[in-house]
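I am opening a notebook on this structure.

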Amino acid sequence: MLTGRDGLLVEARTALVRAAGAVVVGPAGVGRTALARTAVADLPPRLFREVWITATEASKEVPFGALGQLLSGGHLPLHPALVHTSVLAALRDRCGPGRTPVLVVDDAHLLDGPSAAVLLGLVQARAVRALVTVRSGVAAPDAVVALWKDVGLPRLIVSALAEDAVGALAEQLLSGPVSRATTGLLWQWTGGLPQLAVALIDHGREIGALVRDTDQWRWRAALAVPAQVADLLDRELDRVGRPGEDALAALALGGPLPLSVVEAAASAEVIADLEQLGMVRSEQSDDQILVRLRHPMLGAAVRRRMSPARRRRVSAALLASTPPGATRGAHAMASALWAVHAGQPAGSAELIRSANLCRYADPAASEQLARRAREHGGGAPAAVALAAALVEQSRTVEAYETLAAAHRDAEATGDRGAQLTVRVALARHRAWVGRAPRQAYDDLLRIRADAEATGDVDVRAEAATVAVVVRLFSGQAARALHGARELLAESLPPAGRLRVTLASVVALALTGRTEEAARVGRAAVAAVERSGSSALPFARGMAGAALAFAELWREPVPTGPVSDPATGRWPMPSDPLVSGLSHTAWPVFDGYAQRVSGDRAGAISRLRDAVAQQADGEGLFRSEATGWLAITLAEDGHPDEAEAVLREHPVDAVALVPGLRPWATAAVAAASGQRTRAALLMDEAIAVARTSGCWLVELGYLIYAAHLDPVAGPSRYAARIAEALGHVDAERLVTAGRAVIALAGRNPTVMLEHAHRLVELNLNGEALRMVDEVARRSGTPTSTRLFVDLRTRLRAAAPGDPAVAAGLTARETQIAGFAARGLSDREIAEQLVLSVRTVQTHLGRAYRKLAVTSRRELSDALRLAG
């Protein structure tokens, strides 16, 4: 399978047909052999005949060893000068008269010197066409190098596949769509090497790690190393020697590490050799050089064959190379694990801190550290850290039992402080795992009162600040903001102050004060960056996410938070990840941002990932992921699938956005032709948002409701939108609201001006509605060059939408969608309060644009286009 290699194939075939051949160069596993095999397979058999030679480590030790199959009887001639003639005769004999020999030499870097000299002589004499594969980064015989340096054979560089190409390869192998998150994982785990990717995909399907979920293939397990890949990597590792393997072991145990730390396990010369071999790579990061493995699968292979003694010895060396207090973030977690592996003492407080630091990037390591902390007298804090790590692995029952046991222990010993600490953790468990935030909020208020009575200042602050977050995730942003401001006036521990500050940023945005939210968010991000610590697990990641949310409706292209591709549930800091993977866009935010910008296809892909990711762990953003996916699917003409998403992953009580459930249900109803029900549901959502004091959400709902009925909707909601505009300072949303008011005014010129402003703010979906309405009302879609240019730009900006791609107007799209789902012309007319004749007119136009003649063909066209 040669996904992404079309250009190289053309070059290779051209070189064989029109010239003396080519040299294919690339790292191990990149697919050099597959490219050569495919290149010669399609050569005209009447003109060419290929002969394969594969050089090996064993043949390298024997003069002319690689050419043995072409020598008479398999025996070497008595004199080397006769070998050239014997080989050429054998080639001509095999090929027959009239056909040119194509000599394919695989792994030519392993040729013995005499065989390489014969190959060079054959090419120089133009006696054969040669296709030679050579591994990059390793020494090759001088005669092989001369093929491109002196003879001039083109050197075709086979690079690792890009992420999109790995996704295409996976979809070919699995015969279905693959989630973007899984594509990113496969790409990073394998370094884009096709051989590793194919083996991993086959192995993942065999062991059940690859599963079909939310209509996509998704990797749902830790990295697994297939046996054939392990054998391949073992052969590579066997060649690096003990010092080299020690360096690789250090990186496998600690992820990307500063060069000075890796040098504790191996010399700089050894590390340079490993980089030359392509097994490690280095990069400048701030004021230091970071070294990382070529790809995480190599790290898994190193760990698999690492003996306990080597693990202990390398861990001790790494620990000794790092001065106390010199590490932070991911490296602090790594140093705690080194202490565990080395059998050296580590304080329970340090173990707990490290367990919290790696909870979201590597929950299994977090569990290991928390368990060690419990064994070393970590008490209630260790139990809380262990329960959190178990929740991240979706072992929720075990997590609850851990907390319950810790509470019983605290009661038995009369440790009042430990009891309160565990009670806070139980309240959080009730909120996020039990999905009962309001009951958890009441629990936290009681804990706060008990802590005040006993004078436990720290637990009181913990309970109070967690209560603010729980209230925020109960859809009560205004109340959460009020509570946050009261607490910020008090003296709080750094962790509690940061928690409340971030909650206030989100609450400010939801209530419409995005400018203040952005200002507070930027200050919080700067403060956390200056502190250089993680007072809360991945506080910098959460701070960045809060700021991004505040700026989403302010900036045309907001900077979104990043996440670890292995889980994707949480926004992450910018430090190197423990998993050794590179950061990727946080799917729940990225998906919503793409929906806002009008990219439905991109939004659906990212939100599918978000739904699957948020289904595990605490799942704080589970409702948003589910609701936004259902809404986008419905808008894209897939109400049945949207309804299935809501049924399988219901929007529950843990939600930042008030009224999310009726909004999502309204979107499904509207897409199913239930116009009256959709309007009633949107009125319910609007009322919930207003009761919650969330003006930004209410304005968004009003705009959405107005678009449900392009004729009467703008007029019905214009006054309420104007009122909401007085409470919201988010430029993008304000512009969208003013555009709806312009629709109510029915002035095409004014509407077109608003459409241009929407495009400037990257609100292409809203702009497209405007230009379609201009076309409907003016009756002359080609009346102005300005209109035509704008509409062309918008159509090009949404290629994934089948209706957009076909040039359907909003009304044509709506009616075509109803017809494709089986509604009759009269039923559509009743739903939309139109005449049957009007429905038939719009439907006829849709038929012509989609080149169909029946409802069945219409359904197929919309499905295939989408």
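**Overall make-up**

I counted the secondary structure first: the chain has 44 helices and twelve strands. Here helices (H or I, at least four residues) and strands (E, at least two) are DSSP runs, numbered from the N terminus. This is a predicted model, in which local features need pLDDT of at least 70, side-chain atom pairs count only at pLDDT 80 or more, and totals for chains, interfaces and linings use all residues. Residues are numbered from 1 along each chain as its sequence is written, and side-chain values use heavy atoms, with hydrogens and water left out.

I looked up the confidence next. The mean pLDDT (the predictor's confidence in each residue, from 0 to 100) is 86 for the chain, and 90% of its residues reach 70 or more. Residues 780–784 stay under 50. For that stretch the model has seven contacts (heavy atoms within 4.5 Å) beyond four places in sequence. Where pLDDT is low, the predicted coordinates should not be read in detail.

Then I checked burial. Of the 866 residues in the chain, 55% are buried; that means under 20% relative accessible area, with exposed over 50% and partly exposed in between (1.4 Å probe, protein chains only). Among contacts with a separation of 6 or more, 66% are between residues 24 or more positions apart.

**The five-stranded sheet**

In what order do the five strands of the open sheet come? I read S2-S3-S4-S1-S5, with parallel pairing. Two strands pair if DSSP finds at least two bridges between them. S2 (48–54) and S5 (155–157) each have a single partner strand, so they stand at the edges with one side left without a neighbour in the sheet. Neighbouring strands are turned by 20° against each other on average, direction ignored.

I went through the pairs. S2 and S3 are joined in parallel by seven bridges, and Phe48 faces Thr100 in S3. S3 and S4 also run parallel, over four bridges. There, Val104 stands opposite Leu131 in S4. S1 (residues 21–26) pairs with S5 over three bridges, where Val25 is opposite Ile157. S3 is mostly covered, with six of its seven residues buried.

Helix H2 (residues 32–41) lies across S1, S2, S3 (100–106) and S4 (129–135). Its angle to S4 is about 165°; axes are lines fitted to C-alpha atoms, for helices over the stretch in contact, and angles run from 0 to 180 degrees between N-to-C directions.

**Cores**

I looked for nonpolar cores: sets of buried Ala, Val, Leu, Ile, Met, Phe, Trp, Tyr and Cys residues joined through side-chain atoms within 4.5 Å. The largest has 130 residues, and those touching the most other members include Leu444, Leu472 and Trp553. Helix H34 (residues 695–708) gives the most to this core, with eleven residues. A second, separate core of 77 residues includes Leu8, Phe48, Val158 and Ala170.

I followed Leu472 further. Beyond four places in sequence, its contacts include Ala477, Val506, Leu510 and Leu656.

**Single residues**

Is Thr183 buried or exposed? Thr183 is buried, at a relative accessible area of 10%. It sits in helix H8 (residues 180–190). Leaving aside neighbours within four places, Thr183 is in contact with Glu163, Val166, Gly167 and Val178.

Last, I searched for disulfides (pairs of cysteine sulfur atoms within 2.5 Å) and found zero in the whole structure. Cys95 is buried at 1%, and Cys358 is buried at 0%.
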